[in-house]
Amino acid sequence: MKPNGRRVLLRAALAAPVAAGLAGCDGFGAPREIAARWVGASHERGHRLRTASKAGSLPTPATRHRAGALVLGGGIAGLSALRALVRGGVDDAQLLELEDDAGGNSRGHVLAGFACPLGAHYLPVPGPQTREVSEWLHEVDLLRLDPIRRTSVPDERHLCHSPQERLFIDGAWQDGLLPSATGRPGTLAQYRRFARQVAALQRELGFALPTLRVPWTSGHAALDAQTFAAWLKTEGLDDERLLAYLDYACRDDYGAGLASVSAWAGIHYFASRHGFLAPGDDERAGEAGESAVFTWPEGNGWLARRLAAPNAERIHTGRTVLRVDEDRHAVRVLVWNEQSQQAEAWSAPRAIVALPLFVAARVLANPPPALVEAASRARYAPWLVSNLHLKAPLLERPGAAPSWDNVAYAPAGTTTALGYIDASHQALNPVRDATVLTVYSALPEQRRGALLNDSASNWVQRVIGELTSTLHPDLPRRVQQADLMRYGHAMRIPVPGARGDAALAALRAPHGRLRFAHADLVAYSVFEEAFTLGIGAAA
């Protein structure tokens with residue numbers, strides 16, 4: 001969410017503030033209330049289409065609109081598709097988005113004057129396969145061409161500043177997120193064995209980002225048919241620290257741990273980027289290069305705003321899609337305008353459906369069989385993103401200095417926490433003062449109902465309680481306010497069989513006047529996949 005992943009979703013979220021009952025302390029004085037509220041998205045809007053379909057009747061449109069092409073959904077795939085349509089000469093392309101701001105789960109927020117993310121918060125510097133993203137990053141001046149080396153060079157002002165990551169383990173902070181193997185020869189041996197396996201699979205099968213850049217083979221399918229945990233067990237990789245790190249990586253990018261995601265997804269996480277580097281085994285370890293990431297205080301909201309800005313007049317927010325009909329002459333879309341509280345009818349010769357599969361299957365009047373099949377098998381991870389405004393810096397524990405990304409060690413399968421990032425880290429302020437910490441939680445699917453129904457007060461108590469017990473005992477008396485964003489269906493989980501699903505391959509092909517564009521089509525959610533699929537649909 002942190003997935004870079006970390007994307008338009010049917011989000012379970014409330015916009016209205018609520019009072020929180022978490023007791024903090026003002027210094028060492030009397031307990032006080034910490035204000036907490038839900039922000040960022042509205043579950044009522046997403047559920048409106050479900051209510052309308054159950055009622056069996058749809059509202060009569062008050063206004064009618066025609067467009068040269070329609071994009072349904074304003075996440076990264078939808079914004080990328082709109083950009084590609086306009087660049088391709090479709091002057092009257094229009095985008096309809098449910099929320100009041102486009103960007104999906106790449107949106108930003110402001111709390112107590114501090115910019116902070118509501119979801120995805122970084123983008124790795126793209127590799128050679130990620131051509132479309134690289135082209136756009138040149139347009140927005142995040143990359144430039146080095147005239148001597150003839151290679152793309154990132155603007156260092158937007159790269160994550162050091163120190164980048166730290167892990168709390170054995171009572172102290174260590175640099176980096178891979179648990180130390182010092183004095184643990186068995187752990188180091190398994191790190192090195194896993195690194196060799198990743199490198200061998202990359203050579204033999206090929207992995208890329210975007211994933212569709214390499215052919216799907218029987219070797220990929222074999223990995224996709226089993227969980228990552230089962231594959232690791234078969235390979236004899238059972239070291240607690242290795243499994244803890246791999247579980248964290250899967251939860252961070254996919255919203256579920258190694259017992260849930262496929263072995264293909266677990267290997268792809270590393271092999272599609274810079275591989276897995278065991279300590280001391282690669283001279284590149286610790287260098288910026290391939291592991292460098294772009295980030296901003298507001299996270300990938302910075303990217304979403306720049307992707308949307310050139311076409312702002314074409315983006316219609318607060319529009320809940322209720323029904324999509326396709327006939328011989330046009331695609332016809334019934335939309336609810338959340339501001340005017342009236343229905344609108346939109347039509348266009350063609351439309352790009354940039355919605356999660358389970359939403360697309362519900363709004364299409366006659367969904368293709370492949371969509372029905374794929375949506376029925378899709379599983380989604382609920383996420384909680386908690387922004388905590390601190391009036392003063394936290395007391396520090398021994399070890400590595402405060403970093404951008406801060407994580408507590410936990411054995412695989414024992415926690416939902418993913419750590420926190422510091423919104424002030426990029427400011428390079430030598431004096432640490434008030435700040436906002438963004439805390440990420442990847443929740444089990446069975447807690448989706450609790451995420452929707454429990455109060456912001458209850459959830460912030462859980463979040464602060466876990467951080468207090470593991471990392472920062474003084475946190476409750478530092479927190480002034482908490483703004484919480486909840487995603488009922490944050491991202492698709494790449495469970496076994498998902499990536500190789502024939503129904504997804506069918507949906508990536510044209511369907512009459514409709515095209516589909518969403519990261520769901522490759523079974524997992526990251527910026528690079530969504531951006532590239534949007535361009536492909538527009539083409």
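Strands β17 and β18 (residues 331-337) run antiparallel and are joined by seven bridges. Within this pair, V324 stands opposite V333 in β18. Strands here are DSSP runs of E of at least two residues, helices are runs of H or I of at least four residues, and both are numbered from the N terminus. Two strands count as paired if DSSP finds at least two bridges between them.

The model is predicted: local features need pLDDT of at least 70, side-chain atom pairs count only at pLDDT 80 or more, and totals for chains, interfaces and linings use all residues. Residues are numbered from 1 along each chain as its sequence is written, and side-chain values use heavy atoms, with hydrogens and water left out.

The pair β17 and β18 belongs to an open sheet of four strands, in the order β5-β19-β18-β17, with mixed pairing. β5 (61-66) and β17 (319-326) stand at the edges with a single partner strand each, so one side of each has no neighbour in the sheet. Neighbouring strands of this sheet are turned by 20° against each other on average, direction ignored.

An open sheet of five strands has parallel pairing and the order β16-β7-β6-β20-β26. Its edges are β16 (315-316) and β26; each has a single partner strand, so one side of each is left without a neighbour in the sheet. I352 stands opposite R515 in β26.

| Strand pair | Bridges | Direction |
|---|---|---|
| β17 and β18 | seven bridges | antiparallel |
| β20 and β26 | three bridges | parallel |

H518 lies in the loop between β26 (514-516) and α16 (527-538). H518 counts as buried because its relative accessibility is 6%. Buried means under 20% relative accessible area, exposed over 50%, and partly exposed in between (1.4 Å probe, protein chains only). The H518 side chain reaches the backbone nitrogen of D520 at 3.0 Å.

Helix α2 (residues 76-87) packs against α16 at an angle of about 40°, with the axes 7 Å apart. Axes are lines fitted to C-alpha atoms, for helices over the stretch in contact, and angles run from 0 to 180 degrees between N-to-C directions. The contact (heavy atoms within 4.5 Å) includes I76 and L85 of α2 and F527 and F531 of α16.

Helix α8 (residues 263-271) is mostly covered, with nine of its nine residues buried. Among them are W264, Y269 and F270. The cover over α8 includes α4 (185-204), α7 (240-254) and α16.

Definitions and conventions
Polar contact = N/O pair within 3.5 Å; in protein donor to acceptor, adjacent residues only side chain to side chain.
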